[in-house]
Amino acid sequence: MKLYLRQIMLSLIITSLAACSVLPEAEKIQIYHLPISGSLKTISEPRLNTTLSVAEPNTLSSLNTSRISEFSNGQIQRYYAGARWADRAPTLVQQSMMQTLQSTDLFSQVVSTEIDLSADYLIHSNLRAFQIEDSEAGEKAHVILHVSLISQSDQEVLASALLVEQTSVTGSSMQDATAALGKAMDNINTALSEWVYMSLKPKTD
């Protein structure tokens, strides 16, 4: 009888261990990089002897993530399953702004605020939208960035601007959606570069 009970207990233990070893399959994640064009210089002006520092944008916690956002009906936010940005959205936006400002060759140096360098001006921003929006008119990439240009010498805000861009998603794949966000960000960055330059360009009579 004791031997029989031991066999039953052993069978139960083996069954329990086997059940514990059956784990749910991990979600397969595809990593996407924000596509950024090369030089986006659209104005031919002499380089300014000016150093710019670009801060990572402030944003809502729902956008401060590597997950890719989709909005429907203008207010319902979801995240695409199985897809992630290569970094958090504010970091991607900061890097794209720096890359574009550097490629224009309009400024002597462009760095991030993490670099220990006393820059002449700081570009501070707030990322208000960085998402795909689904509506009856179709899907669109939507980026809203409020930017301020601050003098580092006296912390004075020299100028502020609201940059808004919408770009249609031309296909149904995740790659099409990220490409549209990249194009929208390109247009934002082009406008940003021109706005910063014209704000800092010496005024002539």
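**View 1. Helix H2 passes helix H3 in a right-handed crossing.** In this predicted model, H2 spans residues 89–104 and packs against H3, residues 174–200, at an angle of about 50°, with the two axes 9 Å apart.

**View 2. Side by side, the residues of H2 and H3 that form the contact.** On the H2 side, the residues that meet H3 are Val93, Ser96, Met97, Thr100, Leu101 and Thr104, while H3 contributes Met185, Asn189, Thr190, Leu192 and Ser193. Taken together, the residues of this contact divide into five nonpolar and six polar, with no charged residue among them.

**View 3. Asp105 in the loop between helix H2 and strand E6.** The loop that holds Asp105 lies between H2 (89–104) and E6, which covers residues 107–112. The phi angle of Asp105 is near 60°, a positive value in a residue that is not glycine. Asp105 has a relative accessibility of 37% and therefore counts as partly exposed, because that class lies between the buried limit of under 20% and the exposed limit of over 50%.

**View 4. Gln155 in the loop between strands E8 and E9.** Strand E8 covers residues 138–151 and strand E9 covers residues 157–168, with Gln155 placed in the loop between them. For Gln155, too, phi is near 60°, which is a positive value in a residue other than glycine.

Conventions: Residues numbered from 1 in each chain as written. Predicted model: local features only at pLDDT ≥ 70, side-chain atom pairs only at ≥ 80, totals over all residues. Heavy atoms only, no water. Helix = DSSP H or I, 4+ residues; strand = E, 2+ residues; numbered from the N terminus. Buried < 20%, exposed > 50% of the residue type's maximum accessible area, 1.4 Å probe, protein only. Axes fitted to C-alpha atoms, helices over the stretch in contact; angles between N-to-C directions. Left-handed = near helix turned anticlockwise from the far one by under 90°. Contact = heavy atoms within 4.5 Å. Nonpolar A, V, L, I, M, F, W, Y, C, P; charged D, E, K, R; others polar.
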